[in-house]
Amino acid sequence: MKLVTILGSTGSIGRSALEVISKRRDRFKVVGLTAGSNITLFEEQIKIFEPEMAAVADEATALELRKRLNIKVLSGNEGIAEVASYNRSDFVLSAIVGFAGLLPTLSAVRAGKTVGLANKESLVVAGDIVMGDAAKYGSKIIPVDSEHSAIFQCIEGRGRNSIKRIVLTASGGPFFGSTRGELGKVTLEDALKHPNWDMGRKITIDSATLMNKGLEVIEAHHLFGFSQDDIDVLIHPQSIVHSMIEFKDRSYLAQLSVPDMKGPIAYALSYPERLEDPMPVLDLSRIEKLTFRKPDTECFPCLLYAYEAAKEGGTMPAVLNAANEVAVDAFLQKRIGFNDIPVIIKDTMNSHRKEVGTTRPHPGGLAEESNRAVREIDVVIEADRWAREKAKAILMEIGDKR
Ligand code: NAD
Ligand code: MG
């Protein structure tokens, strides 16, 4: 029996994971769950899966749940970290969205857990720390992001020397083929209509801007040790080929399935075995064509910004991520337009290049750190805080101009 903890169980990935587990209760037992603020669903999940401990983001919600349930309910960062490192669990699914997932992921890693990693942002902002600590504390990280699960499955047991590059596929999102002018008029409702995947709101917007693919380039760099120059992106609107590797003899290996996150979640949960039918059958005879095209980085510059951040290294990926979270949040609140998202990110990154180290010396040495691997988590937290503040100021300026 594998004892499982799910961080972010009320989200899209969390719910899919519980669906997989509910069909295989002979193999998996939930021992820990955490959530943000969806108290109704969380209570329901606790009643069905009977974890030994649970945690929520705020104390008021925890208090309410303690009254209703007979289990240990913790709260706040410390509470979530405690559930993440719970000594009885064998496997931790990291499925909180955004920067908020970083410290819980690190807690699980530092407790030496096997971590199914959906929270790509933790690798984007602190990949060197997360991967370094995984090696140090004997934690195995198994990717859950569909592209990285595909690469993980393709690379399995093969020498790094035989592989030339990684090719990540992207659906292109709802605005694939749109012009910049058309993008200026799209609404939040249009952006939330993803053609192939049913996901949380933040990642759905990231998919529409192609930032999701940019974050995934940085994620792949940390997971598989390829430089960003050896990680390419192709738009593949059918979302059947989830990613591929190219060998040095120019042969490719790809992983295919229907677009359903239950596949990669099940693989991470059962690795190295495979479960029977966690997702629907892929009937290739019904798929007329599989197409691939280069991404349009003029209309979707977020992908380029992520490559730039990857190249610059240091705290720049954390700045990219924080600016993106602020911009996407503002777009979700209908405070800015779709084309304002890349502007906020670009301006925040430019400000970081200009200002950090001159106007804002950091005790941890942000300036000195910014051009090499970030080793201290405090440096990442400070860069995130700085970038959020800067991005919010830029956001206000955009609002004033309207
Ligand atoms: P979601 O918004 O549907 O769910 C997020 C979960 O995190 C919820 O349980 C929420 O309560 C919790 N949460 C949010 N903020 C929190 C906070 N401050 N403290 C504690 N808990 C908090 O998101 P999702 O779509 O399930 O995505 C989760 C992660 O998985 C993201 O990093 C995303 O990039 C990645 N991912 C998702 C998909 C997908 O299909 N949804 C695919 C690949 C990767
Ligand atoms: Mg993905």
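Student: Let's start with aspartate 145. Is aspartate 145 buried or exposed?
Tutor: Aspartate 145 is buried, with a relative accessible area of 7%. Buried means under 20% relative accessible area, exposed over 50%, and partly exposed in between (1.4 Å probe, protein chains only). Keep in mind that this is a predicted model, where local features need pLDDT of at least 70 and side-chain atom pairs count only at pLDDT 80 or more, while totals for chains, interfaces and linings use all residues. Residues are numbered from 1 along each chain as its sequence is written, chains are lettered from A and ligands numbered from 1 in the order in which they are written, and side-chain values use heavy atoms, with hydrogens and water left out.

Student: Ok, and where is the place of aspartate 145?
Tutor: Aspartate 145 sits in the loop between β7 and α7. Those labels come from DSSP runs, numbered from the N terminus: helices are H or I with at least four residues, strands are E with at least two.

Student: Which residues does aspartate 145 touch?
Tutor: Leaving out residues up to four places away in sequence, aspartate 145 touches Leu117, Lys120, Glu216, Glu219 and Met261. Contact here means heavy atoms within 4.5 Å.

Student: What does the side chain of aspartate 145 do with lysine 120?
Tutor: The two side chains make a polar contact at 2.9 Å. That's a pair of N or O atoms within 3.5 Å; within protein, one must be able to donate a hydrogen and the other to accept it, and residues adjacent in sequence count only if both atoms are side-chain atoms.

Student: Switching to the metal: which residues coordinate the magnesium ion?
Tutor: Asp145 (OD), Glu147 (OE) and Glu216 (OE) coordinate the magnesium ion (ligand 2), at 2.1 to 2.2 Å. Donors are N, O and S atoms within 2.8 Å of the metal (3.2 Å for Na, K and Ca), and water is not among the atoms, so sites may look incomplete. Aspartate 145 is in the loop between β7 (141-143) and α7 (146-155) and glutamate 216 is in helix α11 (residues 211-224), so the pair ties together parts that are 71 residues apart in sequence.

Student: Is glutamate 216 buried or exposed?
Tutor: Glutamate 216 counts as buried, at 1% relative accessibility.

Student: New topic, ligand 1. What is 2.7 Å from an oxygen atom of ligand 1?
Tutor: An N or O atom in the side chain of threonine 10. A polar backbone atom of glycine 11 is 3.1 Å from an oxygen atom of ligand 1.
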